[in-house]
Amino acid sequence: MRRKLLLGNWKMNKLASEAKEFAIASRPLAELAKKNNIDLGVGPTYLSLATVKEFASKDMIVAAQNCHYKESGAYTGEVSIPMLKEFGIDWVIIGHSERRAYDNETNQKCHDKMAALFANKMVPVYCVGETLAEFEALKTKEVVGKQVREGLEGFTSEDVKDLVVAYEPVWSIGTGKNASSAIAQDICHFVRETLRDMFGKVADEIRVLYGGSVKPVNVKEYLSCPDVDGALVGGASLKIESYEELLRNIL
Ligand code: PGA
């Protein structure tokens, strides 16, 4: 049985002081989520990770938004996995479409980062999704299939057992243009079948999320799809009231 997962992606938002306020206010929500067998988490910026880890409930998943695949070295501006681990961070969002678009994050780079994460027993949230042009050209499955296969090539079923994959159509991120729940189900199912082809029955344990303009009003519809195990939420995860509503609407 796959546990539901609601993960906020804060992107480049919130000062550490604001993150602290949110973390404190989220404590009862983490308790509520736990009681209902739901995993709840947020992805703050690097500078707020330690603060959120300190002030949120121990049950709150705290995810970094990126990492480097090398342990240390001459990589100005980067943060390594051991640096995250020292702060108790063991989840990392990988290959978000904004990083693919603005930071040249290729499937190969995602692969290298996930190899390092698996070696450290950490959990990647691997983001995949097609652009509007690819969607209109009916290439969604071609693009998403390639992202899944190239990103995860050569790993074992043991490596990927805790992996989370997030299907986020680029045209629905931050635009208010939702993919229908039928599309979300179809592509999340396709992701699972691709994982099954690569790794066998562990595909039934891997959580596949939908992301892209998820709001309190539509979160329940997505999560009622059999292959959608949760949501990766940007804008609607920033305010504690809206984050709480997201959770309450899937209890
Ligand atoms: P959004 O972002 O919910 O604001 O569309 C989702 C994401 O980028 O993960």
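**Close-ups of a ligand site and its protein**

**View 1. The residues around the ligand.** The ligand has 13 residues surrounding it, and the closest are K11, H96, E168, G174 and S213. Here a residue is near a molecule if one of its heavy atoms lies within 4 Å of it. Keep in mind that this is a predicted model, where local features need pLDDT of at least 70, side-chain atom pairs count only at pLDDT 80 or more, and totals for chains, interfaces and linings use all residues. Residues are numbered from 1 along each chain as its sequence is written, and side-chain values use heavy atoms, with hydrogens and water left out. Sorted by class, the shell holds three nonpolar, eight polar and two charged residues. In that count, Ala, Val, Leu, Ile, Met, Phe, Trp, Tyr, Cys and Pro are nonpolar, Asp, Glu, Lys and Arg are charged, and the others, Gly among them, are polar.

View 2. From the side chain of E168, an N or O atom sits 2.6 Å from a ligand oxygen. The side chain of K11 has an N or O atom 2.7 Å from an oxygen of the ligand. On its own the ligand would expose 280 Å², and the protein buries 97% of that (Shrake-Rupley areas, 1.4 Å probe; for residues, only the protein chains shown count as cover).

**View 3. S26 between two helices.** S26 sits in the loop linking α1 (16-25) and α2 (27-35); helices are DSSP runs of H or I with at least four residues, strands are E runs of at least two, and both are numbered from the N terminus. S26 counts as buried because its relative accessibility is 0%, the cut-offs being under 20% for buried, over 50% for exposed and partly exposed in between (1.4 Å probe, protein chains only). Its side chain reaches the backbone oxygen of A23 at 2.8 Å. Leaving out residues up to four places away in sequence, S26 touches A56, M60 and I240, where contact means heavy atoms within 4.5 Å.

**View 4. The setting for these close-ups.** The protein has eleven helices and eight strands. Of its 251 residues, 53% are buried.

Definitions and conventions. A polar contact is a pair of N or O atoms within 3.5 Å; within protein, one must be able to donate a hydrogen and the other to accept it, and residues adjacent in sequence count only if both atoms are side-chain atoms.
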